[in-house]
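Thanks for taking a look at this one with me. Here are some notes to read alongside the model.

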Amino acid sequence: MPKHRVTRRRLLAAAAPVVAATPFAKLALAAGDHAEHAGMSMTAMDHAAMGHAAMIGSDALAPGGPHERDALLYPPAALGHRPGRVREYAVAAVDRQIEVAKGVFFSAWTYNGTVPGPVIRATEGDLLRVRFTNGGSHPHTIHLHGIHPADMDGVFEIVEPGASFTYEFPARPHGMHLYHCHSTPLKKHIAKGLYGAFIIDPPEPRPEAQELVMVLTGFDTDGDGENNFYGVNGPAFYYAKYPIRVRRSQTVRIYLANLTEFDLINSFHLHGDFFRYYPTGSTDHYEYTDTVMLCQGQRGIIEIDFAHTGRFMFHAHQSEFTELGWMGFFEVVD
Amino acid sequence: MEAGSAAGWNRGPLRAWRLWALMPILLLVGTVAVFVSTGSSLLDLVGRAPPPRDEFDIRRVEFKPGEIRIRVTNPQREELAIGTVTVDDAIVPFRLDGPSSLGRLRSSTIVVPYHWVEDDPYTVGVTSSSGIETSFAVPAAVESRGASPRGFLGYALIGLLVGIVPVALGLAWLPSLRRADARWLASFMALTAGLLTFLAFDALGEALQLQAALPSGFQGTGLILLGVAASYLGLTFVAQRASATARQERSAPLEGAALAGLIAAGIGLHNLGEGLAIGTSIALGELALGTFFIVGFMVHNITEGLGIATPIASGGRVGLPRLGALALIAGAPAIVGAWIGGFITSDLLGVLFFALAVGAALQVVVEIGRYVARKAPGGLSSGHVVGGYLAGIVVMYATGLLVG
């Protein structure tokens with residue numbers, strides 16, 4: 001396992017050129033010649049910069065490059081129903097500095113180096129085998145939601161640093177689930193980033209769709225028990241910087257889970273359209289809406305049939321979370 | 001040739017001695033170099049340093065049409081980089097006047113385009129690259145005016161009203177003072193000493209309060225000591241020179257117009273700090289700038305004019321230009337202070353100015369004491385002097401109530 005031991009200081013040094021080149025080169029450019037000093041007159045660009053609607057593309061204050069997080073956004077393909085097939089995943093806990101907002105770094109505990117961790121996917125009846133190695137500096141576990149024996153629950157089998165444990169059980173029931181570390185202090189282990197999405201496909205395959213995974217994340221970078229930044233699948237404003245391209249002709253299916261710590265609830269709101277929301281996704285029951293509310297651990301499946309092409313915003317319908325990073329766009333094309 | 005070589009021979013040992021004097025410094029440099037190259041392993045023996053606090057020092061938040069300007073300083077030894085900026089818990093785009101990664105005690109201004117609402121409270125937050133957020137609450141957003149001819153004139157008028165005018169009015173007590181008998185004159189001198197003592201304490205309090213808010217790297221208390229010592233000793237030097245030229249006698253106490261000049265200088269330094277405090281408060285929108293405030297300062301400061309007039313009363317005639325000059329020395333620094341405070345806002349300068357005022361006021365108190373001890377009937381312990389001194393403090397306290 002790659003074991004990154006990046007000290008805070010070294011990271012700062014590495015980040016310095018990037019930070020220096022930021023934070024608003026683009027805005028400064030657009031504001032033009034008179035931007036440098038006081039007494040500047042208001043230009044159209046300055047006006048635009050005051051609303052989040054304008055924070056799209058390169059104007060969005062998000063870290064990272066394009067496609068960097070595709071492995072978290074696009075789940076592995078669903079496989080057909082074949083009871084007893086073995087689905088293996090290797091997951092390692094790794095301590096790592098990650099950039100959670102433009103120019104801001106967080107000492108995270110991660111599964112496989114990212115927050116959230118990798119998407120684990122199986123079909124109902126598959127024998128799921130998750131080999132877990134603790135490459136971090138604290139005892140960790142993986143607690144997967146779903147139906148499984150007590151000794152596979154990731155609560156009592158604490159995995160010490162350097163040790164390993166294999167979770168093995170038949171995957172069921174189908175639906176959108178999640179996994180997270182269950183070591184104590186629980187709040188700390190989740191807030192540090194040890195969680196991810198766990199999809200179990202039904203025996204009867206779901207209709208073809210453009211599938212996406214969205215794990216709602218929050219980061220408390222100064223340790224005061226309140227999140228400083230929010231996002232989808234990690235960094236603040238990432239999908240505002242890189243809108244998600246989808247086709248209007250095909251259903252968009254989002255596997256949604258809320259794993260933000262500290263805040264009682266989080267939510268998902270889509271602009272300009274409605275969607276079917278299947279709570280937990282284990283039954284056919286759905287709600288037709290444009291806003292859903294989730295407490296920590298709550299999750300479900302969203303299916304959108306876009307009526308129009310264009311740019312549609314999606315965000316938490318808690319304005320505070322929206323303005324602290326939990327906001328993105330769909331680019332709907334024909 | 002002979003002389004040259006003799007001089008060279010003489011200079012030889014001298015040079016050697018000088019080199020010898022450099023030895024401790026060279027050894028120190030060597031030791032430091034060895035420690036720096038191996039020091040971290042040495043420190044590991046006794047523990048581990050905690051990570052830096054990574055908090056910014058936010059000195060000033062200004063509201064301009066369509067933008068908010070946040071002045072941040074790095075108060076710590078380690079480099080500190082600006083990551084994100086929030087206004088009322090919302091991440092906002094910004095640009096920088098200055099570097100984004102700040103060395104020790106370096107500053108930058110964060111400019112946030114923003115439609116702020118007049119009189120609303122705002123909380124701005126600056127998050128370091130290490131994720132630590134420093135926030136600064138503004139109780140009510142008020143537009144801060146930049147340097148403009150209007151502002152320049154405005155601060156000058158305020159300085160004029162709280163500085164020069166009351167001092168000049170106080171000087172008008174001169175004819176009445178001239179008719180007072182020696183005991184009462186001594187009493188007024190003591191009153192002057194009392195009010196100057198009050199000003200010294202007042203300035204010391206301001207300086208201590210201001211320095212507490214400074215990043216520790218600026219060593220505010222040391223700065224205060226420096227300011228007090230510099231102004232006290234500086235004025236002592238000036239007083240000695242003045243008395244030596246006037247009476248060919250080094251240790252004689254100053255009197256008459258010369259003593260009045262010294263008092264005016266001391267009061268002037270105090271008014272410099274006072275002007276700075278007023279200017280800063282206005283610029284930051286912290287001051288309920290009312291007529292009552294200005295009137296209060298005028299009543300408070302008229303006593304300063306009395307203090308300058310008293311020593312003149314016992315001396316020879318002094319012309320109107322000379323009196324005008326004294327009023328300017330004592331009062332004009334209030335204008336300069338208001339300009340500096342209004343347009344620059346530096347707590348560091350504030351600390352220094354107030355410290356200078358402390359030293360100056362104390363030196364003048366000592367000078368007056370020497371004068372009274374020698375010239376006044378009954379010396380320092382007469383009832384007129386003791387009563388006058390206490391009255392000076394009471395007068396300042398009572399008129400100060402108008403300002404506070």
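**Notes on the two chains**

Leaving aside its neighbours within four places in sequence, B:V112 is in contact (C-beta atoms, placed from the backbone, within 7 Å) with B:E67, B:I68, B:I70, B:V85, B:V87, B:V92 and B:F94. Before going on, please keep in mind that this is a predicted model, where local features need pLDDT of at least 70, side-chain atom pairs count only at pLDDT 80 or more, and totals for chains, interfaces and linings use all residues. Residues are numbered from 1 along each chain as its sequence is written, while chains are lettered from A and ligands numbered from 1 in the order in which they are written.

1. **Cores.** B:V112 also belongs to the largest nonpolar core, which has 110 residues. Such a core is a set of buried Ala, Val, Leu, Ile, Met, Phe, Trp, Tyr and Cys residues joined through C-beta atoms within 7 Å. Buried is used for 20 or more other C-beta atoms within 10 Å of a residue's own, exposed for 12 or fewer, and partly exposed for values in between, with C-beta atoms placed from the backbone. The members touching the most others are A:A197, A:V213, A:A236, A:F237, A:A240, B:I110 and B:V112. Strand 1 (residues 86-101) of chain A gives this core its largest share, 7 residues. A second, separate core holds 84 residues, among them B:A203, B:A258, B:L272 and B:I368.

2. **A covered strand in chain A.** Strands here are DSSP runs of E with at least two residues, and helices are runs of H or I with at least four, numbered from the N terminus. In strand 7 (residues 175-180) of chain A, 6 of 6 residues are buried. A:G175, A:H177 and A:Y179 point one way, and A:M176, A:L178 and A:H180 the other. Strand 7 of chain A pairs (at least two DSSP bridges) with strand 5 (residues 143-144) of chain A in the antiparallel sense, over 2 bridges; there A:Y179 is the bridge partner of A:L144. Strand 8 (residues 195-201) of chain A also runs antiparallel to strand 7 of chain A, joined by 6 bridges, with A:F198 partnering A:H177.

3. **An open sheet in chain B.** Four strands follow the order 1-2-7-5 with antiparallel pairing. Strand 1 (57-64) and strand 5 (95-97) of chain B are the edges; each has a single partner strand, so one side of each lacks a neighbour in the sheet. Between strand 5 of chain B and strand 7 (residues 107-113) of chain B there are 3 bridges, and B:L96 stands opposite B:I110.

4. **A helix pair.** Helix 6 (residues 256-283) and helix 9 (residues 347-375) of chain B have axes that come within 8 Å and cross at roughly 155°. These axes are lines fitted to C-alpha atoms over the stretch in contact, with angles from 0 to 180 degrees between N-to-C directions. Residues making the contact include B:L259, B:L272 and B:T280 of helix 6 of chain B, and B:L349, B:A360 and B:Y371 of helix 9 of chain B.

5. **Backbone details to check.** Which peptide bonds are cis? The one from A:V115 to A:P116 is, with omega near 0°, and so is the one joining A:R172 and A:P173, with omega about -5°. A:P173 lies in the loop between strand 6 (164-170) and strand 7 of chain A. A:H67 has a positive phi near 65° and counts as exposed, with 10 C-beta neighbours inside 10 Å. A:N112 has a positive phi of about 60° and is buried, with 20 other C-beta atoms within 10 Å.

Terms used:
Contact = placed C-beta atoms within 7 Å.
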